[in-house]
Amino acid sequence: MLTQSLSTVIGNAIPTATTPATDQFGALAGHAGLVASEFSYKKDEEIYGEDEPAEYVYQVITGAVRSYKLLSDGRRQIGAFHLPGDVFGLESGTVHRLAAEAIIDTTVRLVKRRSLEHAAGVDVQVARKLWAMTAGELRHAEDHMLLLGRKTAMERVATFLLEMDRRLAVAGMMALPMCRRDIGDYLGLTLETVSRALSQLHSQGVLGFSGARQIVLRNRARLRNMDE
């Protein structure tokens, strides 16, 4: 459900504490005059469902989003976590292959896919930036496939921590918006396996906890060795 709509024109936006200086939407369409809207979602609220028409492309402004697929046996496979500044909902077909939900209270910006495609058709810079974003999504999907297929449980957890450290850490601390069950569904592991791996890394002095979801990495070199 779309709530709290606010239409804006993308372009020359001043970065704020919740908007990264590298604004992918702004870089993509700032000079194209595209009209965007902002919507807010409560924790666990669906943004779009699997197989729904892919009419919009989205960017996280605040909060966090998970994209996932429910398997035939009821299990959930999370394909990606989208954090502030990330663009999601790019599709090669006409429908969404995965569903998307707000992990916590979240605000997203969206622009009509048809408008983006039209801008790309007449502006080579927009087309190149749109291609670069699509290629980035493909790289992530390939990395995730290798993680699920070739790495041990501990290696998967190490890879995840380094990814979140790169994307979330502020002053050495990362506050994870996702719970351990989300992490397990992203890594193809059970909740118990994720908890055991984190406890083991904590006991080895590789990481420290400051609250349930706040983590400090104390030995990144050790994690990188696990990730190789």
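**Entry 1: aromatic rings**

I began with the rings and found that ring pairs link Tyr48, Tyr56, Tyr58 and Phe88 into a cluster. For this I used the rings of Phe, Tyr and Trp (its six-membered ring), which pair if their centres lie within 6.5 Å. The model is predicted, so I noted its limits: local features need pLDDT of at least 70, side-chain atom pairs count only at pLDDT 80 or more, and totals for chains, interfaces and linings use all residues. Residues are numbered from 1 along each chain as its sequence is written, and side-chain values use heavy atoms, with hydrogens and water left out.

My search of the whole structure gave seven aromatic pairs. One of them joins Phe81 and Tyr186, with 4.9 Å centre to centre and 45° between the planes, and is tilted. On this scale, planes under 30 degrees apart count as stacked, over 60 as edge-to-face and the rest as tilted. Phe81 belongs to strand 6 (residues 76-82) and Tyr186 to helix 5 (residues 180-187), so the pair ties together parts that are 105 residues apart in sequence. I recorded both Phe81 and Tyr186 as buried. Buried stands for under 20% relative accessible area, exposed for over 50% and partly exposed for the range in between (1.4 Å probe, protein chains only).

**Entry 2: the whole protein**

I counted seven helices and twelve strands in the protein. Both are DSSP runs numbered from the N terminus: helices are H or I with at least four residues, strands are E with at least two. Of the 228 residues in the protein, 43% are buried. I then looked at contacts, meaning heavy atoms within 4.5 Å. Among contacts between residues at least 6 apart in sequence, 73% join residues at least 24 apart.

I traced an open sheet of four strands in the order 3-8-5-6, with antiparallel pairing. Two strands pair if DSSP finds at least two bridges between them. Strand 3 and strand 6 are the edge strands, each pairing on one side only. Direction ignored, neighbouring strands of this sheet are turned by 30° against each other on average. Two bridges hold strand 3 and strand 8 (residues 99-102) in their antiparallel pairing, and Glu46 stands opposite Glu101 in strand 8. Helix 5 packs on this sheet, where it touches strand 5 (65-70) and strand 6, and its direction makes about 105° with that of strand 6. Axes are lines fitted to C-alpha atoms, for helices over the stretch in contact, and angles run from 0 to 180 degrees between N-to-C directions.

**Entry 3: helix 5 against helix 6**

I next followed helix 5 to helix 6 (residues 191-203): their axes come within 8 Å and cross at roughly 105°. That makes helix 5 roughly perpendicular to helix 6. The classes are under 35 degrees for roughly parallel, over 145 for roughly antiparallel, 65 to 115 for roughly perpendicular, and oblique for the rest. Arg180, Arg181, Ile183 and Gly184 in helix 5 meet Leu191, Val194, Ser195 and Leu198 in helix 6. By class, I found four nonpolar, two polar and two charged residues in this contact. Ala, Val, Leu, Ile, Met, Phe, Trp, Tyr, Cys and Pro count as nonpolar, Asp, Glu, Lys and Arg as charged, and the others, Gly among them, as polar.

I found an open sheet of three strands, ordered 10-12-11 and paired antiparallel. Strand 10 (173-175) and strand 11 (207-209) stand at the edges with a single partner strand each, so one side of each is left without a neighbour in the sheet. The twist averages 30° from one strand to the next. Three bridges join strand 11 to the antiparallel strand 12 (residues 214-217), and Leu207 stands opposite Leu217 in strand 12.

Helix 4 lies across strand 10, strand 11 and strand 12, at about 95° to strand 10. In helix 4 (residues 153-168) I looked up Glu163, which counts as buried at 10% relative accessibility. Leaving out residues up to four places away in sequence, Glu163 touches His140 and Tyr186.

Five bridges join strand 2 to strand 9 (residues 106-112), and the two run antiparallel. Glu38 has Arg109 in strand 9 as its bridge partner.

Asp44 is in the loop between strand 2 (35-41) and strand 3 (46-48). Its phi is near 70°, a positive value in a residue other than glycine, and at 43% relative accessibility Asp44 counts as partly exposed. Asp51 is in the loop between strand 3 and strand 4 (56-62). Phi of Asp51 is near 70°, again positive in a residue other than glycine, and Asp51 is exposed at 54% relative accessible area.
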